[in-house]
Amino acid sequence: METSSERRGHRNLGRFSVVSLVMKPVRFGLATAYAVLLSTVAWGSTVTEQRLERWQSDVRAAGLSPAAVIHPFDVSPEMEQWAAEVVAASGARTAKEILDAIQAALFDDQTFDFAYADNVTLTASKAFSQRHGNCLTFTALFVALARSVGVDATLVSVQKVPSFHRADDLVVVNRHVVAGHRTPTAWVLYDFFQTTTAPYIHQRTIPDVQASAMVHNNIGGMELRSGNQPEALRHMLLTVQLAPDWASGWVNLGVVQRRGGDQERAFASYSRALSLEPNNASALTNMAVIYRAQGRSDEARAALAAAARRTKNPFTLVALADMEIANGNYDQARVHLRRARWWFRDEPAVFEALARLERAEGRDQEARRAMSRAERLRSEVRPSE
């Protein structure tokens, strides 16, 4: 199950780091791309309205009514007034100054007290009024406030190793999004997950219609975890209709379908994800679950092995190690667990698998040591939870 929200353990989210990525001008004949990239701040502008009209058009192009789709960046009159007062008080004039002023106000407890809630994905206006939500929610709020004062901010996907955690029998993969604004010469990214300003290697603008897909995806995952299968399926179907080229959406639809007992449709959804993103580790891992349920152990092993080559997901590596242990391939199992331990040294499941491996090899003392480490990790309150 993949989501677009990272967890943080503090009551408040912490502070954005700001990263500037320099762009090179691209020439077309005698003109340059700067004509397209000029960054202006137009007080009383219709950035919010223009973005909304474009979003509505994209939703209709996907065959849906805007009334049936969640718009993440909705703006209330209270938000507009709050943002305008913040900017006026700061004296900000440039786009970056305005964004910095909004950022500072959002993290001032006297001005805006916001509580982190891992499983709560809200629109910007609801987040503003309720003062809580997850990281995707908070990022959308920042974007919406910026737009309300004429700065055309957006969500941006950046390259970053995702985080993983287990929720009952689901493995949740959290992908990374930030807020961004494009100036004539650089992307300015506002990222409250990072404590460093090291530049990202890749970034990609997320259209508002895909941002809606991400919200429906998150809500669908939450509904699945709470046992509401019909609502989970409804949200995941909206996800793939809004973003048919987003592999993660198809993976998650497959997870919901499989949990609902429809293995045939689930397999088709995983296959669609792989057609969009060959070697998608999540799709391959979920295919292996179906193969294993059907008694097709060779196909399951091949799918997991392919996933392991592309993933840092410790639970995929643990699953593959367990399969190798069952087949007596202890050396190969240890290779997978060594990788898992390298990336996730505080994950109890890795040490539990290591204990199973040591026990299988007759190394009882080492098995007890690994299990003791796993139990100690489970008893600790980890910062990411």
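Okay, ground rules. Residues are numbered from 1 along each chain as its sequence is written, and side-chain values use heavy atoms, with hydrogens and water left out. Since we're on a predicted model, local features need pLDDT of at least 70 and side-chain atom pairs count only at pLDDT 80 or more, while totals for chains, interfaces and linings use all residues.

Let's start with the rings. How many aromatic pairs does a search of the whole structure find? Eight. To pair, rings of Phe, Tyr and Trp (its six-membered ring) need centres within 6.5 Å; planes under 30 degrees apart are stacked, over 60 edge-to-face, and the rest tilted. One of the pairs is tryptophan 82 with phenylalanine 128, edge-to-face, 5.8 Å centre to centre with 70° between the planes. Tryptophan 82 sits in helix 3 (residues 77–90) and phenylalanine 128 in helix 5, so this pair ties together parts 46 residues apart in sequence. Helices here are DSSP runs of H or I, at least four residues, and strands are runs of E, at least two, numbered from the N terminus.

Buried or exposed? Tryptophan 82 is buried at 11% relative accessible area, and phenylalanine 128 is buried at 8%. The cut-offs are under 20% for buried, over 50% for exposed and partly exposed in between, with a 1.4 Å probe and protein chains only. Ring pairs also link Trp82 and Phe128 into a cluster with Phe107, Phe112, Phe114 and Phe138. And arginine 131 lies over the face of phenylalanine 128, 4.7 Å from the ring centre. For that call, NZ of Lys or CZ of Arg must be within 6 Å of the ring centre and within 35 degrees of the ring normal.

Next pair: phenylalanine 142 and tyrosine 190 have ring centres 5.1 Å apart and planes at 40°, so they count as tilted. Phenylalanine 142 is in helix 6 (residues 135–148) and tyrosine 190 in strand 11, 48 residues apart. Phenylalanine 142 is buried at 0%, and tyrosine 190 at 1%.

Tyrosine 190 is also the bridge partner of alanine 179. Strands 10 and 11 run antiparallel, joined by four bridges; DSSP has to find at least two for a pairing. They form a hairpin with three residues between them.

Last stop, alanine 117, in the loop between strand 5 (115–116) and helix 5 (124–130). Alanine 117 is buried at 16%. Beyond four places in sequence, alanine 117 touches His132, Gly133 and Asn134, where contact means heavy atoms within 4.5 Å.
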